[in-house]
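Dear colleague,

I am passing on to you the structure we spoke about, and I would be glad if you looked through it alongside the notes below.

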Amino acid sequence: MTLNDDQVAQLLNEGITCIGCGAQFQSEKAGVPGYLNQSKLHNYLASLNSIDDPIELLCERCFKLKNYNQIEPVAFDSAHFQQILSSIATKKALVLYIVDLFDVAGSMIDGLSRFIGQNPVVLIGNKLDVLPKSVKKNKLANWLRKQAKDQGVKAVKSVILSADKGDAGQILLDEIADYVDDYPEIFVVGVTNVGKSTLINQIIKQVSGNGSVITTSRFPGTTLDKIEIPLTETSKIIDTPGIIHASQMTHFVDSKDFKYLLPNKEVKARTFQLISGQSIFLGGLGWIDFLNKQKISFTAYFDNKLDLHRTKSEKAAVFFKTQAGKIMQPVVLPGNEEMQSKEIKLSAGQDLAISGLGWFTFHDPVVICFHFQKGLAISVRQAEI
Ligand SMILES: Nc1nc2c(ncn2[C@@H]2O[C@H](COP(=O)(O)OP(=O)(O)OP(=O)(O)O)[C@@H](O)[C@H]2O)c(=O)[nH]1
Ligand SMILES: [Mg+2]
């Protein structure tokens with residue numbers, strides 16, 4: 001059996017959504033979320049056996065992302081994203097709060113507890129695979145919980161994993177098993193790009209055997225609306241669009257340069273010893289001057305492809321002006337060149353984290369002056385690892 005024109009019209013009137021990104025389908029305007037050409041949309045719906053069949057259709061943007069890894073820019077409705085998040089407070093829900101272990105400060109949501117009310121939170125540190133293998137998981141989980149607590153989020157537990165590894169779905173299902181019967185809705189929340197959809201795909205794979213149902217990509221803003229996936233008879237897991245943090249480095253560079261920012265394999269710790277009057281450059285993005293009198297040692301955690309180049313501080317500004325974009329890559333997109341410079345003191349055992357890029361762990365007390373783009377988030381914290 002196939003659907004007739006009236007049934008197709010009924011489905012279109014009710015509003016059907018893309019399985020990849022959650023956007024409602026429309027055929028009026030290319031470049032707006034949910035676009036699919038009218039005949040493709042109609043033919044797919046007409047080929048369904050029943051009006052109640054699940055819709056497993058991709059919009060044009062998801063199709064290009066999945067098949068060609070090409071992004072079609074769309075206008076994000078940040079207010080809608082926030083609204084989805086704040087609707088959680090009035091529901092009985094379990095919240096799976098995902099943060100990126102490679103950008104913890106940059107991937108925490110400001111005021112999350114205000115959005116989700118009294119609902120329990122399971123904190124998930126994702127992308128464990130990019131941290132050095134020597135990292136102690138328990139210690140990292142406790143550190144992460146403390147970071148969230150400092151931001152006002154008290155997690156019932158904290159789990160460390162890699163969402164893109166085969167066992168992630170089962171690990172998470174085991175961790176939340178005690179809650180599933182009591183919470184009909186399980187919301188997966190987090191900043192964009194932390195791996196929410198990747199993790200849900202692993203859960204779907206565990207439950208139904210289907211892999212990569214939801215669209216995932218390294219471009220921020222892949223998921224555009226809620227995507228509800230049934231988990232048990234009484235509960236469903238809900239993917240949400242990531243909150244956009246414009247202060248992450250990802251928003252300052254061209255997507256072709258994400259390879260310098262978003263590691264896809266273990267980051268090698270790089271240890272340096274510097275003396276006063278030396279500076280270290282991070283590709284062509286910015287630099288740090290060391291103002292100490294004595295020699296200091298520190299470890300850098302950045303993508304292995306990002307060149308960390310030393311030079312004399314007295315030459316640093318000229319060097320940056322003449323070499324960024326030439327021997328030093330990557331550089332920021334035009335319009336983002338305005339810099340901020342700040343002098344700070346750090347103690348031994350503290351990190352300087354540059355959002356969306358990586359961090360330095362200092363093994364000695366140090367005074368530095370950093371020079372990075374205005375609007376980029378830079379923070380000091382107790383060492384992560
Ligand atoms: N190395 C590594 N990469 C991961 C992991 N999980 C996800 N990723 C990558 O991170 C990027 C973002 O993943 P998504 O699942 O699309 O992230 P999201 O949180 O759903 O993003 P939005 O939909 O934009 O909010 C993709 O390139 C994933 O392959 C992981 O455990 N390790
Ligand atoms: Mg997503």
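A residue is called buried here if 20 or more other C-beta atoms lie within 10 Å of its own, and exposed if 12 or fewer do. Please keep in mind throughout that this is a predicted model.

I begin with Lys 127, which sits in the loop between strand 2 and helix 6 (137-150). Lys 127 counts as buried because it has 25 C-beta neighbours inside 10 Å, and its phi is positive, at about 70 degrees, although Lys 127 is not a glycine. Asn 69, in the loop between helix 3 (60-68) and helix 4 (78-86), also has a positive phi without being a glycine, the value being near 55 degrees. Asn 69, however, is exposed, since 10 other C-beta atoms lie within 10 Å of its own.

The loop between helix 3 and helix 4 also holds Val 74, which counts as partly exposed because it has 17 C-beta neighbours inside 10 Å. Leaving aside residues up to four places away in sequence, Val 74 touches Gly 31, Val 32, Pro 33 and Arg 61. Val 74 and Gly 221 are 147 residues apart in sequence, yet their C-alpha atoms are 9.0 Å apart in space.

Turning to helix 7 (residues 168-180), its 13 residues should span 18 Å at 1.5 Å a residue, and the end C-alpha atoms are 17 Å apart, so the two values agree. Ala 168, Gly 169, Leu 172 and Ile 176 are the buried residues in helix 7, and what covers them includes strand 1 (93-100), strand 2 (121-126), strand 3 (157-160), strand 4 (185-190) and helix 8.

Between helix 7 and strand 4 there is a loop in which Tyr 183 is found. With 19 C-beta neighbours inside 10 Å, Tyr 183 counts as partly exposed. Tyr 183 touches Lys 92, Ala 93, Leu 94 and Ser 235, not counting residues up to four places away in sequence. The C-alpha atoms of Tyr 183 and Thr 234 are separated by 8.4 Å, although the two residues are 51 apart along the chain.

The next point is the ligand. Which residues are the closest to ligand 1 among the 25 that surround it? They are Gly 195, Ser 197, Thr 216, Thr 223 and Gly 242. By class, this shell has 15 polar residues, together with five nonpolar and five charged ones, and its largest share, three residues, comes from helix 8 (residues 196-208).

For "domain: NOA1/YqeH-like C-terminal", UniProt lists residues 296-383, over which the chain is 12% helix and 49% strand, with end C-alpha atoms 16 Å apart.

Lastly, the peptide bond from Gln 329 to Pro 330 is cis, with omega near -5 degrees, and Pro 330 is found in the loop between helix 9 (313-323) and strand 12 (339-346).

With kind regards

Notes:
Residues numbered from 1 in each chain as written. Chains lettered and ligands numbered in written order. Predicted model: local features only at pLDDT ≥ 70, side-chain atom pairs only at ≥ 80, totals over all residues. Near = placed C-beta within 6 Å. Helix = DSSP H or I, 4+ residues; strand = E, 2+ residues; numbered from the N terminus. Nonpolar A, V, L, I, M, F, W, Y, C, P; charged D, E, K, R; others polar. Expected span 1.5 Å × (residues − 1). Contact = placed C-beta atoms within 7 Å. UniProt positions renumbered as here; feature names shortened; annotations may be inferred.
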